[in-house]
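Student: I am new to this structure and would like to learn the terms used for it. Could you take me through them?

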Amino acid sequence: MPAARYTEHAARSALYHSAAPPQSGWTLNPYTGCSHRCTFCYVRAFEVRAGRPSDGRYGQDVRVKVGLVEQLRRELARGKGEGGVTIGTATDPYQPAEGRYRLTRECIRALGEARVPISIITRGPLVVRDLDVLAEAAARTRVLVNVSIPTVDEALWRATEPGTAPPRSRLRAVRMLADAGIETNVALAPLLPDVSDTAESVRAVSEAVRAAGASGIWICTLSLRPGVREHFMGEFARTHPGLVPMYERLYGRPYLQRDEDVRRVSAARREAEAAGLVDRGDATIRVPPPPPALTLFDVGPPAAPAVRSSRRLAGGSY
Ligand code: SF4
């Protein structure tokens, strides 16, 4: 795998506002492009739309937003970021570039100082380098770290996430975050039908996650939008040729049929819950509104639990 090239670009803006779940609200991405190069990476679809390569060349060029922290502080002073910021919705904020540039670290510091709630999505164990700033921020505001670990099978990890650290390193990071008192979820994302969404696979991840000290998860299934589909299916055909006809059938459209999605997510959730984990739904950080004053007339029956499809996670980060 060729080494990534890094180019520096002045940050024109730090915070973007998204209306699309799961990360509706303010988002922050210190890098454009991701040298983790996951075969299923949903960002490949955006690269196509931006006229950049989405095939095996994706992730070879990483653009670094220099001046981002100063820009962020200016935007926070103008009131942007109110309600919470999710870091890592479009690229991994703890990919190798962060070891040198430290943009994510300084953005966490700035958000913490502004008391803005922070949610981070990453596959990078480098996040534990920042335990000190995460703890400082958590003393002022809510901080949530979502570590993505869809599988603990090393062969599958190697085939689908060629530039990431192994699952066992990420589990170590989960343990260190939990030990430091940082609220930590694990994202089973994305689950691949009949590959990583099997009962055995989800049970193995869930038990490892629980043993590492995390209590919350969220789940989403694979989506194959144009740009993602071509690359993913090319790689998948090499490692799982027998499953290609089934995937062609399941993914006649970019997403699973809703019933299929609900069935698979529900089955995975049951396995995770049997291991003692709680499905938190997504990576969004929520700051609950102050409770309204109740009167006797406000008390009704408890709401029925929602049946959730991971399709509503489409468009967000894994
Ligand atoms: S899925 Fe996440 S970690 Fe993997 S290449 Fe895409 S942005 Fe990077």
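Tutor: Gladly! Two residues are in contact if their C-beta atoms, placed from the backbone, lie within 7 Å. This model is predicted, so local features need pLDDT of at least 70 and side-chain atom pairs count only at pLDDT 80 or more, while totals for chains, interfaces and linings use all residues. Residues are numbered from 1 along each chain as its sequence is written.

Student: Which residues in α4 and α5 meet?

Tutor: From α4 come R105, I108, R109, L111 and G112, and they meet V133, L134, E136 and A137 of α5. Helices (H or I, at least four residues) and strands (E, at least two) are DSSP runs, numbered from the N terminus. In this protein chain there are 11 helices and 11 strands.

Student: What makes α4 roughly parallel to α5?

Tutor: Helix α4 spans residues 103-113 and helix α5 residues 131-138; they pack at an angle of about 15°, with axes 9 Å apart. The axes are lines fitted to C-alpha atoms, for helices over the stretch in contact, and angles run from 0 to 180 degrees between N-to-C directions. Angles under 35 degrees count as roughly parallel, over 145 as roughly antiparallel, 65 to 115 as roughly perpendicular and the rest as oblique. The angle of about 15° therefore makes α4 roughly parallel to α5. By class, their contact has five nonpolar, one polar and three charged residues. (Ala, Val, Leu, Ile, Met, Phe, Trp, Tyr, Cys and Pro count as nonpolar, Asp, Glu, Lys and Arg as charged, and the others, Gly among them, as polar.)

Student: And why is α8 called oblique to α11?

Tutor: The axes of helix α8 (residues 199-212) and helix α11 (residues 258-274) come within 9 Å and cross at roughly 40°. That value falls in the remaining range, so α8 is oblique to α11. A199, V202, R203 and S206 of α8 meet A268, E271 and A272 of α11. Four of these contact residues are nonpolar, one is polar and two are charged.

Student: How do you know whether R102 is buried, exposed or partly exposed?

Tutor: Count its neighbours. A residue is buried if 20 or more other C-beta atoms lie within 10 Å of its own, exposed if 12 or fewer, and partly exposed in between, with C-beta atoms placed from the backbone. R102 has 16 C-beta neighbours inside 10 Å, so R102 is partly exposed. R102 sits in the loop between α3 (97-101) and α4, and has a positive phi of about 55° although it is not a glycine.

Student: What makes D194 partly exposed?

Tutor: D194 has 14 other C-beta atoms within 10 Å, so D194 belongs in that class too. D194 lies in the loop between β9 and α8, and its phi is near 60°, a positive value in a residue other than glycine.

Student: Why is G281 called partly exposed?

Tutor: G281 has 19 C-beta neighbours inside 10 Å, which means it counts as partly exposed. G281 is found in the segment after β11 (278-279). Across the whole protein chain of 318 residues, 47% count as buried.

Student: Which residues come nearest to the ligand?

Tutor: They are C34, H36, C38, C41 and D92, among the 10 residues around the ligand. (A residue is near a molecule or strand if its C-beta atom, placed from the backbone, lies within 6 Å of it.) The shell has five nonpolar, two polar and three charged residues.
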